[in-house]
Amino acid sequence: MVNVAVVPVSPAGVWRRLLRRKLALFGFAIIFMVVGGAIFAPWLVRYSPNDQLFNGLTLQGAPMPPGADFLMGTDLLGRDLFSRILYGARTSLIIGVVANGVALIIGTLIGLTAGFLRGWIGSVLMRFTDLMMAFPALLLAICLAAIFQPSLWIVAMVIASVNWVQTARVVYTETTSLSEREFIAAERTLGASQSRILFRHILPHLVPTLIVWGTLGISVTVLLEATLSFLGVGVQPPTPSWGNIIFENQTYFQAAPWLVFIPGAAILLLALAFNLVGDALRDVLDPTQRGYD
Amino acid sequence: MAGYLLRRFFQAVLILLGVSFITFVLLYVLPADPVRQIAGRAATAQTVENIREQLGLDQPFLVQYGRYLAGLIQGDMGRSYLQKTEVAALIASRLPATLLLMAGGIVCELLIGLTFGVIAAIYRGRPLDQGLMVTSFIAVSAPQFVVGLLLLYVFAVQLGWFPIGGYGTFAHLVLPAVTLGIMGSGWYSRMMRSSMIEVLRQDYIRTARAKGLTRARILSRHALPNAILPIIAMIGIDIGIFMGGLVVVESVFGWPGIGQLAWQAIQRVDIPIIMGVTMVSATAIVLGNLLADVITPFIDPRIKMR
Amino acid sequence: MKKLLCSTALIAATAFPLVAQEYSPDPDATPGGMITITYKDDVATLDPAIGYDWQNWSMIKSLFDGLMDYVPGTTDLRPGLAESYTVSEDGTVFTFTLRAGVIFHNGREMTAEDVKYSLDRVTLPATQSPGAGFFASIAGFDEISSGEAETLSGVEVIDPLTIQITLSRPDATFLHVMGLNFASIVPREVVEEMGDDFGKNPVGTGAFKLSEWTIGQRVVFEKNTDYWRAGVPYLDGVTFEVGQEPIVALLRLQQGEVDVPGDGIPPAKFVEVMNDPAQAAQVIEGGQLHTGYITLNVGVAPFDQLAVREAVNMAINKERITQIINGRAVPATQPLPPSMPGYTEGFAGFAYDVDGAIAKLAEAGFADGFTTELYVMNTDPNPRIAQAIQQDLAAIGVTLEIRSLAQANVIEAGGAGQAPMIWSGGMAWIADFPDPSNFYGPILGCAGAGEGGWNWSKFCNEGIDAMAVEADSFIDPAAPERLELWSQVYQDVMAQAPWVPVFNEQRYTMKSARMGGDDALYVDPVSIPVNYDYVYVTE
């Protein structure tokens, strides 16, 4: 849980303190590399990610190991793995960011409304949130994916609809505790309107929380997308996703382990990066709640 | 206290009711006809209609839901469309395996997590602390199916120390339990670390040191028991998080639990099984949360029950 | 035609045990021993009226018997529980004489009453049998199917060892249907006692009986010492372990813990195994009655144009797709697989010709290509094959969007006529019985083209349908004229190109060194994959 900082900190100060932390720097470096790789992929690769190359497979139909021709080897259809990894970064990033963004918005709307308005609306909304929490998230995601034929955006929406719950609870807790503070009471007696209180006093205090949750959330959505793709219910082929590369090639994981462990490492690094940055942000934005000194 | 429990229990029932309704709706709108699956490919239109009628799938939605609910209250989860076996029997036969795996997962994450947390707290600020914390970050960020495949590859295939998937002996349990537990161990190590640091700061610890007690004594008698308390409350929440991992871990290791059952059922639109597993999982999650909520005030009197 | 039919009928109106040669027992067979088979998926049910899976098909065959049976390792019919039979002149009345002294696993002797009960049961709507439709030619089927009647009027018990079955029309596939699992004989009292749980507590007349079933882990069969066929089974029992990944099963076989991995050799290990002479010697290759194909929906533009369908046929590089599955198949030219009677030898089909395909498309007015969808089941290797198809079609200017979905969703889309193209992988047609008609009715005939049917290309040609009906009106399923007709049926189908037949998967069964028995038993076309009744261990 992130408690609220009494005074919102200045962006410049935040940056400075953030960059002083080695782990956060490491995280930023990874994110930078992945984003760069995703954006500049067309210029960085030798082969197109969906080209099933004739010389990409051995005569007996086995994939090629990493070597001179193919930086990371080829997959079971003879496609260049390096190219698919870079283009796969696009999938992971787009879905990770979009899904998380949507989840954040939904969660904030619900938590804010429930926490601010209270009463029976608040009750209903929070009970609904509890209800969604009781669902095993993965099963729900799989069912939803089965109902709506998965495309990139559908997968993002499915993940968002499963992931907003944590944000909603956190925002709710913060909003209620904020609402009870004296300065809010003071504003009310002064006659300030609801929306004024909401936008000028509550929302700004939520920003640090949202930033932290937003960043940490991306690592969750990246992992969830990878898992859905691994189970075969993620983005449609031939769009590469690090998860579905593992899905397609997992039966070969003994004969061609690079097909599983390179994308696996990619997923790990990206999730790790967002975790490190998010955690550092939490320390910097809210010194009263330390996860790690 | 009793009033609180009663209220929470009532809430839990309502939540489960809601879960059953939403799941039923989702499965109803699934664009796949379970009757066709059952009828098979050589079926005539008449056979298909017969089967539909037999299973009551030609009834309006609310009637179907009502019948399901009525059965559920009496403990009857219906019969699998494709196997004709009672869902309750199917789940019961696979539940022990899943429970075993969950228990193993909890043991692993506590063992690893608590140990790392304590050590990190003791050597706070030093490289060991930093190293352990980075490790915990990695543990939290690793996709479980990759970890599973990695452990399988290294320890079962290459080194041969463990069987390659399957179920039966303790050796079969090790790798899947570790896989399941690694993610949680990352969380627990960080929590244990903060909790331990907090405890070590306390006056009574300083008093103990002043009295000349050995470090080991201080740790085991005074620090650890107090530091662990908040963690214990969290274990209930874990059950919910585990539920997601089960489908993947059971699939990778060929573990005959309800995760695997659910996955196979989803592929074939065996609705009664999907409903059954979802209800069982949701019940476990709700119970786990309830447990955590109830235990916490006993452990930490500072937190009042709302 | 009619005259020929009459004379054939005349000859047939005599009692005869069946067509092919009797099976000569293996002189090296030694009785005794237990073997272990592994499967990945759990065994759903062992109820012969319901079981229709890869795993339980051969298991049910070993637990139960029907009136007809097959010579082990072949597709030739031979008598089963029926010692002999006679057929009437017009081919509609079959009178079976049952063997005496056949005992169910619970000790009771089998009679004709049991046969009637079993056939009634499988066609009764309440049983929900996926195989009910196979019995459609028996008189009274429509009444029992619609609920008007509770028994089949066409099945009559003459005396405890004689049963007479009347068909509503001559049906050459009838004897094959009597050899299907769905026609297995079950004891009434056990079925009534167990109800829906009969599938977990099967009792039949087969060579093995169920001794143990631990759900999710293992099923154990033990030898039926009272089996009516002398000398078999050789084995004392069979243990089926479920939940085993194919790779794990193979590794355990290499360590001597498993005798036959039931799901076959995993693709990843195939090359490695075949390159090792010691291991390759334990692998048996055989044909399967299987065809993998792409369906083209003739009701959805632009596949309503023949030229477009032909173009797609010519654009698919079947050799490359076969390579993607490690060469474990042969490219197909027609709907029937090579080992099926009625297969047209030397049929050229559509050769791989990219330029020709582009020309055909231009002819049809699609010089700029078009966009369409390919539905595929989302389990490996099907998405990969779909992507290979996608690449092939891109070469002729056709943009394919892949819809990789759960099996049930694909079946739904196919049945509803929504899917322009479907790759059959994972749902591909494997013959229920070794007869050419099995590949026609549900998947290419007008009957299957309706809403929800399995004829996903919605292909309906009255003329070909009529030929198919004629071909089934023979009495002897193996009559040369009949097979000629069927061959013609499929050639006509290919001329209309509603399908792209891509490959016929070969069966590769790997067995442990200690297992003995004729090779054909390990790639048995009927008792898939292994004929447990006739194999033995050599130690």
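**Cavity, pocket and the B–C interface**

Trainee: Which element gives the largest share of the lining of the second largest cavity?
Mentor: This is a predicted model, so to speak: local features need pLDDT of at least 70, side-chain atom pairs count only at pLDDT 80 or more, and totals for chains, interfaces and linings use all residues. Residues are numbered from 1 along each chain as its sequence is written, chains are lettered from A and ligands numbered from 1 in the order written, and side-chain values use heavy atoms, leaving out hydrogens and water. With 3 residues, the largest share comes from β2(C).

Trainee: What is the volume of that second largest cavity?
Mentor: Its lining has 24 residues, with Lys61(C), Asp65(C), Asp69(C), Tyr70(C) and Asp533(C) nearest the centre. Volume here is the space filled by probe spheres set on the points, joined across faces, edges and corners. For the second largest cavity that comes to about 240 Å³.

Trainee: Which element gives the most to the lining of the second largest pocket?
Mentor: A pocket is an open set with protein on both sides within 12 Å along at least five of seven lines. This one has a volume of about 1,200 Å³, and among its 46 lining residues Gln54(B), Leu55(B), Gly56(B), Tyr81(B) and Gln128(C) lie nearest the centre. The top contributor, with 6 residues, is α3(C).

Trainee: How much area is buried between chain B and chain C?
Mentor: The contact (heavy atoms within 4.5 Å) takes 35 residues from chain B and 46 from chain C. Buried area is the accessible area (1.4 Å probe) that two parts lose on being put together, summed over both. Carbon and sulfur atoms give 51% of a total of about 3,400 Å².

Trainee: And which residues of chain B lose the most area to chain C?
Mentor: Three of them together make up 22% of what that side buries. They are Arg41(B), Lys84(B) and Gln267(B).

Trainee: How many salt bridges does the rule find across the interface of chain B and chain C?
Mentor: A salt bridge needs a side-chain nitrogen of Lys or Arg within 4 Å of a carboxyl oxygen of Asp or Glu. Arg79(B) and Asp197(C) meet that way at 3.4 Å, N to O. Across the interface, the number of salt bridges is 3.

Definitions and conventions. 1 Å grid on protein atoms, 1.4 Å probe; cavity = no way out; pocket = protein on both sides within 12 Å on 5 of 7 lines; lining within 4 Å. Helix = DSSP H or I, 4+ residues; strand = E, 2+ residues; numbered from the N terminus.
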